[in-house]
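Welcome! Let's walk through a protein chain together, one question at a time. Keep the picture in view as you read.

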Amino acid sequence: MSGIMIKMHGEQKTPVGEIADALIERLSAELIGCSRREFGDTASVLLAFEKYYFRNGSYASLTVMLTEQEGRQTADVVGFGGGEGIFNLSWGANQDFADNAAGVLEEYGLRRD
């Protein structure tokens, strides 16, 4: 199975809960699960999505972990799956999925590491 990981960071401009809502709204994908947690001054949101890609005839998955502590934010974006056939080629589906999420996050001030 092929996959891609994008790590991002930034200063808090918008709470991670609102950023998560923007991802849910703007990604053209099915939300599989969402978990929101707060521990003192730390907030985190875990999102899991899947999307069907016609170009390779299979589903790609995306997991996004957003964290916020003391004005700092991080995002870990993992696109995976999307492979088809004996060689499990994704034809860039998992990369596109991860890049779409990273694009939304960049609009909220996060930068790629």
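Q: Which residue forms a salt bridge with Asp21?
A: A quick word first: this model is predicted. Side chains of opposite charge can pair when their charged atoms come close. Here the closest N and O atoms are 2.6 Å apart, and the limit for a salt bridge is 4 Å. The partner of Asp21 is Arg36.

Q: Why does the pair of Asp21 and Arg36 tie together parts that are apart in sequence, and how many residues apart are they?
A: Asp21 belongs to helix α1, whereas Arg36 belongs to strand β2, which covers residues 30–39. The pair therefore ties a helix to a strand, and the separation in sequence is 15 residues.

Q: Is Asp21 buried, partly exposed or exposed?
A: Buried means under 20% relative accessible area, and exposed means over 50%. Asp21 has 39% relative accessibility, so this residue falls in between. The word for Asp21 is partly exposed.

Q: How many salt bridges does the count come to?
A: Asp21 with Arg36 is one of them. Asp99 and Arg112 also meet in a salt bridge, at 3.4 Å from N to O. By the 4 Å rule, the count comes to five.

Q: Which residues are linked with Arg112 in a network of salt bridges?
A: Arg112 meets Asp99 in a salt bridge; this pair links helix α2 (residues 93–107) to strand β6 (residues 111–112), 13 residues apart. Arg112 also meets Glu106, at 3.1 Å from N to O. The residues linked with Arg112 in the network are Asp99 and Glu106.

Q: What pattern does the chain follow, read along the sequence?
A: The chain holds two helices and six strands. The pattern is β-α-β-β-β-β-α-β.

Q: Which strands stand at the edges of the sheet?
A: Strands of a sheet pair through backbone hydrogen bonds, either parallel or antiparallel. In this chain six strands form an open sheet with antiparallel pairing, in the order β2-β3-β4-β5-β1-β6. Each edge strand has a single partner, so one side of it is left without a neighbour in the sheet; these strands are β2 and β6.

Q: What is the bridge partner of Thr63 in β5?
A: Strand β5 spans residues 72–81 and pairs with β4 in the antiparallel sense over ten bridges. To find the partner of Thr63, look across to β5: the residue there is Val78.

Q: Is Thr14 buried or exposed?
A: Thr14 is in the loop between β1 (3–11) and α1 (16–26). Beyond its neighbours within four places in sequence, Thr14 is in contact with Ile19, Glu68, Gln73 and Tyr108. Its relative accessibility is 17%, and the cut-off is 20%, so Thr14 counts as buried.

Q: Where is Ser44?
A: Ser44 has 11% relative accessibility, so this residue counts as buried. Leaving aside neighbours within four places in sequence, its contacts include Ser35, Arg36 and Met65. The place of Ser44 is in strand β3.

Q: Which residues form a nonpolar patch on the surface?
A: One member, Tyr59, lies in strand β4 (residues 58–69). Tyr59 has a relative accessible area of 48%, so this residue is partly exposed. Together the members have about 400 Å² of accessible area, and they are Tyr52, Phe54 and Tyr59.

Q: What percentage of the residues in the chain is buried?
A: The chain has 113 residues, and Thr14 and Ser44 are among the buried ones. The accessible surface of the chain comes to about 6,300 Å². The buried share of the residues is 37%.

Conventions. Residues are numbered from 1 along each chain as its sequence is written. This is a predicted model: local features need pLDDT of at least 70, side-chain atom pairs count only at pLDDT 80 or more; totals for chains, interfaces and linings use all residues. Side-chain values use heavy atoms; hydrogens and water are left out. Helices (H or I, at least four residues) and strands (E, at least two) are DSSP runs, numbered from the N terminus. Buried means under 20% relative accessible area, exposed over 50%, partly exposed in between (1.4 Å probe, protein chains only). Contact means heavy atoms within 4.5 Å. A salt bridge is a side-chain nitrogen of Lys or Arg within 4 Å of a carboxyl oxygen of Asp or Glu. Patches are made of residues with over 30% relative accessible area and no salt bridge: like charges are joined within 9 Å, nonpolar side chains (Val, Leu, Ile, Met, Phe, Trp, Tyr) within 5 Å. Accessible areas come from the Shrake-Rupley method with a 1.4 Å probe; for residues, only the protein chains shown count as cover. Two strands pair if DSSP finds at least two bridges between them.
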